[in-house]
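Q: I'm new to reading protein structures and would like a close look at a single part. Could you walk me through the main nonpolar core and the helices packed around there?

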Amino acid sequence: DYDLTRLIRMCMEINDNFSRKNYISTILLLRALLDHVAPILGFNTFVEVANNLKGTKSLKDSLQHLENSSRKIADAHLHTSIRKKEVLPSATQVNFSQDLDVLLGEIVRILK
């Protein structure tokens, strides 16, 4: 019931940006991806997904980590005005690959 074209492209661009060390783009795309997939999981927002999706404790923990940590990091880079001194995100800071893999696995399970 869902066209996954944009989701697949977002994943490809996240991987490409991460490999090119474009960490601001990586985290902003991850934030966009979370907003994009909520309807597949039966909710309007990803915060609803993270707080209400039925599943194992491990699944819930991964989704809440994506919601709470990745969104805060993305928002910090998205909504902060220029400053006299800046710190760029690192690979470690934006690497949510394990939790994202759990999310994508759940999407595949639901769509099968």
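A: Let's start with a term: a nonpolar core is a set of buried Ala, Val, Leu, Ile, Met, Phe, Trp, Tyr and Cys residues joined through side-chain atoms within 4.5 Å. Keep in mind that what you see is a predicted model.

The largest nonpolar core here has 28 residues. The ones with the most contacts inside this core are Leu30, Leu33, Val37, Phe46, Leu63, Leu66 and Leu103. Two or more residues come from each of helix H1 (5–19), H2, helix H3 (46–52), helix H4 (57–79) and H6. H2 gives the most, with seven residues.

Now let's see how some of these helices pack. Two packed helices are described by the angle between their axes and the distance between the axes.

Take H2 (residues 23–37) and H6 (residues 97–111) as a pair: their axes come within 12 Å and cross at roughly 25°. Angles under 35 degrees count as roughly parallel, so H2 is roughly parallel to H6. The crossing of H2 with H6 is left-handed. On the H2 side, the residues that meet H6 are Leu30, Leu33, Leu34 and Val37, and their partners in H6 are Leu100, Leu103 and Ile107. Sorted by class, this contact has seven nonpolar residues, no polar ones and no charged ones.

H6 also meets H4. The axes of H4 and H6 come within 9 Å and cross at roughly 120°, which makes H4 oblique to H6. This crossing, too, is left-handed. From H4, Leu59, Ser62, Leu63, His65 and Leu66 meet Asp99, Leu100, Val102, Leu103 and Glu106 in H6.

Leaving out residues up to four places away in sequence, Leu66 touches Leu30, Leu34, Phe46, Arg71, Phe96, Asp99, Leu100 and Leu103. Among these partners, Leu30 and Leu34 belong to the H2 residues that meet H6, while Leu100 and Leu103 are H6 residues that meet H2.

For contrast, look at Asn15, which sits in helix H1. Asn15 counts as exposed because its relative accessibility is 53%, and the cut-off for exposed is over 50%. Asn15 and Val47 are 32 residues apart in sequence, and their C-alpha atoms are 24 Å apart in space.

Terms used. Residues numbered from 1 in each chain as written. Predicted model: local features only at pLDDT ≥ 70, side-chain atom pairs only at ≥ 80, totals over all residues. Heavy atoms only, no water. Axes fitted to C-alpha atoms, helices over the stretch in contact; angles between N-to-C directions. Helix = DSSP H or I, 4+ residues; strand = E, 2+ residues; numbered from the N terminus. Parallel < 35°, antiparallel > 145°, perpendicular 65-115°, else oblique. Left-handed = near helix turned anticlockwise from the far one by under 90°. Contact = heavy atoms within 4.5 Å. Nonpolar A, V, L, I, M, F, W, Y, C, P; charged D, E, K, R; others polar. Buried < 20%, exposed > 50% of the residue type's maximum accessible area, 1.4 Å probe, protein only.
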